[in-house]
Amino acid sequence: MSVAEVRASAGIQPLDCECILAHILRKDRSWLLAHPEATLTDSESAEAAQAIHRRRAGEPLAYILGWKEFCSHHFIVTPHVLIPRPATELLVEHTLEFLKAPRVEIREIDTGIASVSILLKEMSDHPLVVDVGTGSGCIAVSLALANVDLRIIATDIDQAALTCAQTNIDHYQLGDRITLLQGSLLEPLSSLTEPYIIVSNPPYVAEGGAADDVTIFEPHQAVFGGVKGNEIVSDLVKVARQDPRCCGLVLECTMEQARHLLS
């Protein structure tokens with residue numbers, strides 16, 4: 001079967017089909033478009049058919065390919081972690097700016113979604129950064145790649161997520177600057193003595209408030225923050241305010257949640 005025949009019969013979005021074929025053939029999309037006559041081997045055809053079937057069933061492309069681009073870097077993703085979103089790239093950008101000039105601020109990073117920074121006390125020039133609920137590690141790794149002075153602790157409650165994060169940390173050779181710890185909220189920091197700031201994309205969606213593909217395929221504990229969606233966000237800010245070592249937070253949440261945190 002040729003590239004053109006696969007595209008014509010796939011029954012999914014052309015871009016999705018091209019990404020699947022490019023992944024299987026280890027070519028870029030421009031090559032595919034220039035070589036519609038290229039023939040897939042039997043094994044490549046079978047792999048393409050399986051991937052296309054999964055996409056027809058609604059499975060996110062990132063899980064089918066096994067990776068997602070974030071902040072211009074490639075990250076391994078598994079069904080145990082939330083798929084990185086473009087809006088969260090703006091959370092990373094906000095965090096880098098907060099480290100340089102800390103202030104209280106709400107930024108809209110997507111429709112109804114905010115990045116909110118909360119300053120609790122004066123910060124040192126290079127505070128430790130704690131990425132709470134790291135998932136794939138995309139936030140921690142992107143911060144470390146953008147600022148070579150940062151040291152980061154990345155936490156998650158799920159060991160499978162930490163395994164995925166470790167893969168990405170190892171790929172970018174950041175094991176000397178990013179430490180992984182398992183636990184909920186700030187529990188893994190019990191032995192920490194130095195000041196730090198928190199960055200987090202916590203679960204903030206209300207139960208029943210996500211699209212079907214998210215509800216079916218992405219890990220619920222990384223998406224849903226309780227009946228109203230604000231339980232994890234509120235708990236995280238509460239324990240951060242109670243910890244004298246915490247200098248501030250930069251969080252992704254809904255605009256309504258962000259306004260409530262600063263009210």
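Visitor: What makes a residue count as one that Arg245 touches?
Guide: Contact means heavy atoms within 4.5 Å. Leaving out residues up to four places away in sequence, Arg245 touches Leu189, Ser190, Leu192, Thr193, Glu194, Pro195 and Tyr196. This is a predicted model, in which local features need pLDDT of at least 70 and side-chain atom pairs count only at pLDDT 80 or more, while totals for chains, interfaces and linings use all residues. Residues are numbered from 1 along each chain as its sequence is written, and side-chain values use heavy atoms, with hydrogens and water left out.

Visitor: Why does Arg245 count as buried?
Guide: Buried means under 20% relative accessible area, exposed over 50%, and partly exposed in between, with a 1.4 Å probe and protein chains only. Arg245 has 19% relative accessibility and therefore counts as buried.

Visitor: What joins the side chains of Arg245 and Asp243?
Guide: A polar contact of 2.7 Å joins them. The term requires a pair of N or O atoms within 3.5 Å; within protein, one must be able to donate a hydrogen and the other to accept it, and residues adjacent in sequence count only if both atoms are side-chain atoms. The backbone oxygen of Leu189 also lies 2.8 Å from a polar atom of the Arg245 side chain.

Visitor: What makes a set of residues a nonpolar core?
Guide: Its members are buried Ala, Val, Leu, Ile, Met, Phe, Trp, Tyr and Cys residues joined through side-chain atoms within 4.5 Å. The largest such core has 28 residues, of which Val129, Leu143, Ile152 and Ile178 touch the most other members.
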